[in-house]
Amino acid sequence: MRHPKRLGRTSVSGRKVQLATAAMLLVATTLVACGDGQDDDAKVSAPKAPATIPELTKDPLTLSFIWFDWPPAHALEDFANAEYKKERPNATIKVNTVPNANWHDAMFTQFAARKTDFDIAILDSQHIGEAVTNGNILDLTDFVKKNIDVKAYDPYLLAAYGQFPQAETGKRDENASLYGLPLLGDTWTMIYRKDLIGDKPPQTWDEMISVAAKCQANNPGVSGLAFHQANGSDAAAVTYNTVNGVYGGNLWDPKSRKIDGVLNDTAGHEAMDVLVNKMKPLTAKGSGNWFIDEVNASVAQGKSCIAFNWIAASGGLLDPKQSTLGTTREQILDKLGFATLPSQKTNLVPLGGMGMHVSAYSPTAKQAEALNFMQWFERADVQKKWAAAGGVPSRTDALESPEFLNAGPFNQVYTDSVPRMRDMWNVPEYARLVDIENTNVNAALNGAKKPKEALDDIAKEQQGVLDSSNRKGGGGL
């Protein structure tokens with residue numbers, strides 16, 4: 001399907017949008033947010049985007065994104081400048097990147113100043129609450145109703161990357177507002193050495209640990225496991241939360257906002273014991289601060305039997321220039337396998353990925369362009385092209401398309417994992433909660449704290465954050 005030549009104005013049939021519509025967008029961006037941390041989560045102050053895309057400028061324009069520095073960011077810039085320019089030749093897409101550890105602060109420092117050098121913020125699902133309650137991003141509810149086929153998405157993905165307050169895991173509240181649209185889906189894949197452990201991947205977490213221990217014993221210089229342990233971004237927290245989930249634990253009770261006594265119950269402590277006392281001994285010496293790049297390097301250099309990493313970050317493993325496992329992609333795939341995560345008491349997997357959100361402080365013309373880009377990007381044909389270019393789409397038709405499933409050996413893993421996903425706490429206090437968890441899980445993994453002490457400290461400190469905010473409700477789990 002070819003892109004239409006018309007300049008992407010949905011439902012306007014070539015007529016100019018009325019000035020009142022453009023004025024609505026301009027007025028919306030000037031609203032001042034409350035952002036005092038004392039309001040109910042449902043009482044948000046995000047300004048509304050218009051339902052109809054305002055008239056687009058014919059002047060040269062640069063639409064700026066902000067993301068962290070990893071391959072999908074560069075792929076997005078290349079893809080958009082190749083494809084979106086076919087419809088909007090005057091528009092240039094620039095994806096500004098920062099180190100992962102600085103990503104949240106790079107966005108929210110500018111949000112706090114009520115002035116951004118980006119037009120579209122790529123937010124983690126857990127960042128949405130903070131941005132909405134502070135009035136930093138546009139409410140896209142009316143725009144989505146008029147321009148986006150919401151039935152084309154798994155309800156949870158649409159909710160995870162845009163809805164606030166969050167609904168129960170796996171469900172979308174159709175009456176809740178949407179503040180973003182999916183950009184990149186993601187979850188963990190298990191990467192395993194077929195030449196060392198066999199073609200069939202472990203099916204349970206306990207079996208995986210046993211297989212990794214045997215592989216490590218039989219292959220000197222190769223560690224049994226490689227996974228995220230760093231005290232930065234959400235690295236160590238996602239690792240613990242994943243193990244917590246498969247061993248039947250919960251991160252909190254969102255209705256009562258109770259963490260202490262939920263996170264650190266029997267299942268929670270079992271998960272921490274498994275992580276620190278069974279998994280950690282199978283990792284490489286000095287791996288206590290590993291994140292995405294270090295895990296990939298361990299796999300590419302043939303130094304690990306089984307590894308866990310985000311699917312969207314795994315493409316480089318097939319590059320012979322970065323690998324010692326083979327001189328061709330085919331030789332590498334003779335040794336590497338990709339599978340969904342093993343189950344145990346449950347089959348939960350971590351939800352990753354991010355959505356696109358329009359800055360409330362972007363100039364009016366660029367907000368209009370941002371809305372047009374998002375409407376274009378979510379089209380079925382564009383989502384399939386994004387999949388073929390290395391992206392991980394969220395539309396069901398794109399996820400099940402040959403363009404996606406044939407683009408990488410791990411893409412089927414993502415499609416199969418969508419029904420199993422669990423997110424973290426989708427609340428405005430997310431940044432403080434994840435810092436507490438990262439610090440303490442990392443301390444336990446590096447021997448600075450005993451596992452029980454670390455988990456109890458996480459529960460107590462996180463409960464204090466929620467209690468001090470005086471908010472009600474929540475969601476995401």
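This is a predicted model: local features need pLDDT of at least 70, side-chain atom pairs count only at pLDDT 80 or more; totals for chains, interfaces and linings use all residues.
Student: How many residues line the second largest pocket, and which lie nearest its centre?

Tutor: There are 16 lining residues, and those nearest the centre are Ala101, His104, Ser233, Val434 and Asp435. The space in this pocket is about 270 Å³.

Student: Which helix gives the most to the lining of the second largest pocket?

Tutor: That is α18, with five residues. Both α3 (103-112) and α18 (430-445) supply at least two. Sorted by class, the lining has five nonpolar, seven polar and four charged residues.

Student: How much space lies in the largest pocket?

Tutor: About 820 Å³. Its lining has 40 residues, and Pro71, Ala312, Ala313, Ser314 and Gly315 are the closest to the centre.

Student: Which elements each supply at least two residues of that lining?

Tutor: Three helices do: α2 (71-83), α11 (292-300) and α14 (380-388). Of the elements, α11 gives the most, with six residues.

Student: How do the residues lining the largest pocket divide by class?

Tutor: The lining holds 22 nonpolar, 14 polar and four charged residues.

Student: Which domains does the lining of the largest pocket draw on?

Tutor: Domain 1 (61-186 + 352-422) and domain 2 (187-350 + 425-467) each give at least three residues.

Student: What is the volume of the largest cavity, and which residues are closest to its centre?

Tutor: The volume is about 290 Å³. Asp234, Val238, Trp310, Leu351 and Gly352 are the closest to the centre, out of 28 lining residues.

Student: Which elements give two or more residues to the lining of this cavity?

Tutor: They are the helix α9 (235-246) and the strands β11 (349-350) and β12 (352-358). The most comes from α9, with four residues.

Student: What classes of residue line the largest cavity, and which domains do they come from?

Tutor: By class, there are 14 nonpolar, nine polar and five charged residues. At least three residues come from each of domain 1 (61-186 + 352-422) and domain 2 (187-350 + 425-467).

Conventions
Residues are numbered from 1 along each chain as its sequence is written. Side-chain values use heavy atoms; hydrogens and water are left out. On a 1 Å grid over the protein atoms alone, a cavity is a set of points where a 1.4 Å probe fits but cannot get out, and a pocket is an open set with protein on both sides within 12 Å along at least five of seven lines; lining residues have an atom within 4 Å of a point. Grid points are joined across faces, edges and corners, and a volume is the space filled by probe spheres set on the points. Ala, Val, Leu, Ile, Met, Phe, Trp, Tyr, Cys and Pro count as nonpolar, Asp, Glu, Lys and Arg as charged, and the others, Gly among them, as polar. Domain bounds come from an automatic or database domain assignment.
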